[in-house]
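Okay, thanks for coming, everyone.

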Amino acid sequence: MTEHDFAVWAPLPDDVRLDVDGTAHPMTRGDDGWWRATVDVAPDARYGFLLDDDPKVLPDPRSARQPDGVHERSALWDPATVQWNDGAWRGLSIEGAVIYELHVGTFTADGTLDAAVDRLDYLVELGVQFVELMPVNAFGGTHGWGYDGVLWYAVHEPYGGPDALARFVDACHARGLGVLIDAVFNHLGPSGNYLPKYGPYLSTGSNPWGESINISGPDSDEVRRYIIDCALRWMRDFHADGLRLDAVHALVDTTAVHILEELSAETDALATELGRPLSLIAESDLNDPRMITPRAQGGLGMTAQWDDDIHHAIHGAVSGERQGYYGDFGTLETLAETLRHGYFHAGTYSSFRHRRHGRPLDTATIPATRLLAYTLTHDQVGNRAIGDRPSQNLDGGQLAVKAALALGSPYTAMLFMGEEWGSSSPFQFFSSHPEPDLARATAEGRKAEFAEHGWDADEVPDPQDPETFLRSKLNWDEVTAEKHARLLDVYRGLIALRHDEPDMANPWLDDLVVEFDEEARWLVMHRGALAVACNLGEGEARVPVTGEVVLAWGEPAVADATTLPGHSFAILRTVK
């Protein structure tokens with residue numbers, strides 16, 4: 001037995017007691033709404049809190065571990081007990097890097113962090129520099145995407161809990177890989193959300209995923225502290241190199257100092273303390289350059305942000321899809337405009353939103369490396385009706401062209417697991433809510449949502465069906481199959497060029513020259529002495545560049561101009 005100090009912020013109840021393995025202990029309330037008690041506990045004790053006369057023992061809002069799920073008692077976990085071996089790790093900048101997004105539960109057959117360690121050498125060979133984990137916080141059920149987290153400080157137990165996360169990060173650092181963790185602070189999930197019983201964590205508003213968080217209303221100071229402390233903890237206690245912040249446009253903050261600006265300042269202070277760079281990547285739908293403008297220049301200070309315009313421009317041009325938010329994209333002119341300026345919607349009319357959207361990026365002061373380019377993310381595949389990947393609809397040449405456009409661009413690049421070999425596994429939306437009513441509502445809501453967008457509701461897989469989850473696991477046996485191995489070699493080559501060619505590291509969009517021919521369906525990005533020439537059409541195309549072929553998909557013929565076969569690309573060292 002050891003003495004332990006317990007504390008919980010609970011301004012709403014009149015009485016709070018600490019429950020340790022079924023024994024209740026009184027707690028003392030301070031003027032700040034925090035309740036405290038010091039109790040002798042066993043190392044494996046389970047604890048929680050009793051609020052007023054409610055007999056339900058609730059988990060700790062700042063719980064580090066939930067061995068029995070989010071509805072049960074918490075367990076103590078001390079970060080000081082972790083045996084770290086990354087003392088020599090000095091960190092990496094994400095700007096200009098290649099990031100690999102993965103979902104722990106479907107990345108391997110076992111679906112654990114320890115199993116994922118076994119695939120890290122593969123990622124090193126691929127050439128990526130960062131692993132980005134989809135949310136690992138505790139959520140209801142055994143498997144899900146992780147965005148319905150309710151205990152943000154705890155590591156999902158089926159993934160291995162906090163010790164497994166520490167082992168994973170340590171193993172990444174040993175191989176020279178940085179680690180980013182996806183953190184969701186814009187809403188709470190529906191299963192196991194007990195925070196409103198403790199205090200005013202929720203606001204009166206809502207967003208598409210749930211009730212909004214109270215970050216600027218009455219009594220919001222402690223809620224803001226709850227968010228910032230959680231964010232810093234992933235980087236301090238688990239040695240993560242940064243965070244991906246989910247849907248920050250849903251963080252409604254009317255205070256003079258936006259919570260992202262506050263988090264940016266505290267993250268920079270922690271980076272100075274730790275002596276290594278820490279990054280914050282925002283998922284933002286705003287197309288607002290202030291997101292990635294330094295605080296000293298009046299911005300929010302995010303290191304980078306996801307750029308869906310780049311995804312839409314590439315996907316629309318290559319695939320020909322025009323439904324939904326692809327409606328404004330698809331032409332080579334749109335693709336060239338987006339590649340040159342970062343945002344396509346920059347104070348321009350968005351037909352999907354039925355209004356003007358965005359603001360121009362100052363390409364003279366903001367480098368392209370603060371925007372992420374990608375041809376696939378968990379959202380862009382998982383939020384399709386049947387979770388089908390581009391590899392299930394496009395040929396190998398089209399997939400290679402998409403890769404060349406993203407990885408050959410000046411932007412920081414990101415891949416989604418399995419993309420690099422054209423995985424045939426879908427990535428479908430799956431959940432495992434233990435409450436029958438919630439499970440039924442989730443399935444019905446999913447079908448209704450896609451029916452509104454013109455999809456066949458009968459084709460939408462049931463998120464609660466375990467097979468939906470199992471279908472979404474990667475099949476690693478595919479990697480060595482001929483067509484998959486060929487695409488994988490191209491990805492490796494493109495990533496190597498980013499590392500080896502100085503011209504590929506130029507982050508300034510004002511130096512990027514893009515030529516295209518809408519009718520002939522070719523586009524060329526000039527990166528200094530290198531030209532990334534792509535043929536998006538089915539027939540041959542003559543591209544007005546010549547030079548030594550450095551990397552290609554297809555067999556280009558180079559004479560007075562370069563002839564590219566249909567659905568192919570070539571990167572050439574041009575003749576000056």
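Let's start at Asn137, which sits in strand E10, residues 137-139; helices (H or I, at least four residues) and strands (E, at least two) are DSSP runs, numbered from the N terminus. This is a predicted model, where local features need pLDDT of at least 70 and side-chain atom pairs count only at pLDDT 80 or more, while totals for chains, interfaces and linings use all residues. Residues are numbered from 1 along each chain as its sequence is written, and side-chain values use heavy atoms, leaving out hydrogens and water.

So, is Asn137 buried or exposed? Buried, because its relative accessibility is 3%; the cut-offs are under 20% relative accessible area for buried, over 50% for exposed and partly exposed in between, with a 1.4 Å probe and protein chains only. Its side chain reaches the backbone oxygen of Gly146 at 3.1 Å. Skipping residues up to four places away in sequence, Asn137 touches Gly146, Gly149, Leu151, Trp152, Ala154 and His156, where contact means heavy atoms within 4.5 Å.

Next, the annotated pair. The unreviewed UniProt entry puts "active site" on Asp246 and Glu283; positions are in the numbering used here, feature names are shortened, and annotations may be inferred rather than shown by experiment. They're spread over 38 residues of sequence, yet they cluster in space, with a largest C-alpha distance of 5.3 Å.

Asp246 is in the loop between strand E15 (242-245) and helix H7 (259-274), and it's buried at 9% relative accessible area. Its side chain makes a polar contact with the side chain of Arg244 at 2.9 Å. For polar contacts, we want a pair of N or O atoms within 3.5 Å; within protein, one must be able to donate a hydrogen and the other to accept it, and residues adjacent in sequence count only if both atoms are side-chain atoms.

Glu283 is in the loop between strands E16 (279-282) and E17 (304-306), and is buried too, at 12%. Beyond four places in sequence, its contacts include Arg244, Asp246, Trp306 and Asp379.

Last stop, the sheet. Five strands make an open, antiparallel sheet in the order E22-E23-E24-E29-E26, with pairing meaning that DSSP finds at least two bridges between two strands. E22 (513-517) and E26 (547-553) are the edges, each pairing on one side only. Six bridges join E26 to E29, residues 568-574, and Glu548 has Arg573 in E29 as its bridge partner.
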